[in-house]
Amino acid sequence: MNIAEKLAQELDLRADHVENVITLLDEGNTVPFIARYRKEMHGTMDDQVIRQLADRLSYLRGLEKRKEEVIHAIEEQGKLTSALKASIDKAEILTEVEDLYLPFRPKRKTRASAAREKGLEPLAEQLRTGSSLPAKELAQTYISEEKEILSAQDALEGALDILAEDCSVNAALRGHLRALLRSTGELVSTGKEAEATVYAQYAAFRSLVRRLQSHQILALNRGEREKFLKIDIECDADAAVQLISRSVFQKPHPYEKELTEMAADAWKRLLFPSLSRELRKELTDDANEQAISTFALNLRPLLMQPPIKHKITLGFDPAYRTGCKLAVVDETGAVLDTSVIYPTPPHKKIEESKRKLEALCRKHNVTCVALGNGTASRESEQFLTDFIRETGLPISYMVVSEAGASVYSASKLGAQEFPDYDVSLRSAVSIARRLQDPLAELVKIDPKAIGVGQYQHDMPQARLSQALDGVVEDCVNAVGVDLNTASPSLLEHIAGITPAIAKNIETYRQTNGAFSSRKQLLKVSKLGPKAFEQCAGFLRVAESAEVLDHTAVHPESYPAAKTLLALCGYTEEDVKTHRLTDLNKRIQATGRRELAQRCGIGIPTLTDIAEELQKPGRDPRDELPAPLLRSADVMTLDQLKPGMEVMGTVRNVCDFGAFVDIGVHEDGLVHISQLSNRYVKHPSDVVRVGDVVKSVVLSVDVNKKRIGLSMKQVKQ
């Protein structure tokens, strides 16, 4: 079975579609471009499936390359047999390949290698096959002062060391023992010092390896790394020794006692340490992948939160001693005004702060406030709600996550955007813009700093960045960007545009003014035909006389789009004036297949073009539920009582549940067992970041600031 067939089988896809995607990837096409503009070639796979395919393709190609290296290395030793080659070719994971290579891998000096140098291999073979002589009598003939074999016991021990090492590199045996360890092994964690830390639940912890959850593994690893925990793997040694013994001899055997002792030694000294390390790594790798997958799952809806459009917004960055920073931005995110007020301790200049805030709001007609959720957020929210109630101004607000805002504010990009503002005022601007257009603002921040994952700083950083950058790229391209207003940090996430090209686009705008068409992109330095092909469809040019430049229709399909309009009795002017209300009826009347053939395109492309012609410049985020904006009412933690029904926004989804902002500063936890009346395999099957949900308060711990919620008892 070739790689394309294997991928098709694993992912339940058509083999020809998989082969097409592999070809497109190898030709240097980006995932967003393939997903959007090559649907006829892949059967309308979405970007996530294509990325999954690309990841698996990379692994399988790496596996094939490693097989070739191993076969070549064994062949050079003159030890490659047809059976061994067949076993290597058949291996489906890297571990199997490495197990088969183990006996032939160059080794450091070991007890077994020293015994082989002394010529004890024949004795080892005699012990394995059996003899009528007692073991020590058999070993007597190998005594040699010259070889430093001073007694029969020395010879016997050396021969048994050889057999033990042979067991440790036996691929089939390692596979059986690995399965035993996975099915019956237990992870045990101890640590008295952990009792007063966040690792208290793991201070005396025991679990079957197969039942461990990924978040537990990551917590245990961190506790061990910080020296609060000591972790061991335990396994049924007797069962392991029996497996090893059966691989060497069948009962009855003349040297059963010696060989059983050898099996116990092989397990304790060689196999168990190796396999338990391997198991810990496997558990960690799987937990990392699960955590990365969960992070990516959370990041997508966070980036795709609907923007708050056409509102002048005030960003409110709360603080204590240094004062709360305010920044007013217009509908496009441009800064109109800034200020600092001191309503929180230790200053508590509440009346003065209200006067300054009211002056700002009235001067700029502020209708929306984005309040950061960091230090002093609770006191600031109370101040803000009192202010709204007392002034009667038509203002609503939303508590916005500050995660990563300080990273952006202190970054080189933040300094370039706002050279005249200090770090804290940049944070206020960023908070305001996060409410107005979450995607455009959050792309400026390293995805790891956005704070919707678990243990993200413990992950393999290259793999995490690869996964998260892919999510950002998919989201930005799904929405599209305005070529004339998008920042370089947003442009560089468009398919085919590198950071260098993004800067060149900005330079071109500064030198030549706004782009008047997509075609002008080809005049940008380093943006050649291939880059244009990849990026053009995702860039909108509102100033263009060509109406299709306002849409996600790719320039390569402009002739087809114009033919479709003509065949359905429309003009380009009808697109501009949104007069295509019955386009779908006309397409249905003629027939999609016939129209697609006459336009020279496939049915999926025809469908996409029709959607774009009916809604030029549409934003897919507008179809999602609007964010939950609050008015003047605010609750505190001590006002919450079990049984209360509350509304909130999901802020984070992890393996064990979801954290929900219910407006009391501390997020409540809906444990996985409380998410639904039916069985829930993973919280992401029920909720996602940004969802507005109803829940019932189960418990409140004011001292520990913990809130338990349930979604089982309310209708969503």
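The model is predicted, so local features need pLDDT of at least 70 and side-chain atom pairs count only at pLDDT 80 or more, while totals for chains, interfaces and linings use all residues. Residues are numbered from 1 along each chain as its sequence is written.

**The second largest pocket**

- A pocket here is an open set of points on a 1 Å grid over the protein atoms alone, where a 1.4 Å probe fits, with protein on both sides within 12 Å along at least five of seven lines; lining residues have an atom within 4 Å of a point.
- The second largest pocket has a volume of about 1400 Å³, counted as the space filled by probe spheres set on the points.
- Its lining has 41 residues, and Leu94, Thr95, Glu98, Glu278 and Lys281 lie nearest the centre.
- Helix α15 (256-303) is among those supplying at least two lining residues, and α15 gives the most, with 13; helices are DSSP runs (H or I, at least four residues).
- By type, the lining splits into 12 nonpolar, seven polar and 22 charged residues, with Asp, Glu, Lys and Arg counting as charged and Gly among the polar ones.

- β13 (residues 668-671) pairs with β15 in the parallel sense over two bridges, and leucine 669 has glycine 708 as its bridge partner in β15.
- β14 (residues 692-701) runs antiparallel to β15, joined by five bridges, with valine 696 opposite serine 710.
- β14 and β15 make a hairpin with four residues between them, and lysine 705 in the turn has a positive phi of about 55°.

Terms used
Side-chain values use heavy atoms; hydrogens and water are left out. Two strands pair if DSSP finds at least two bridges between them.
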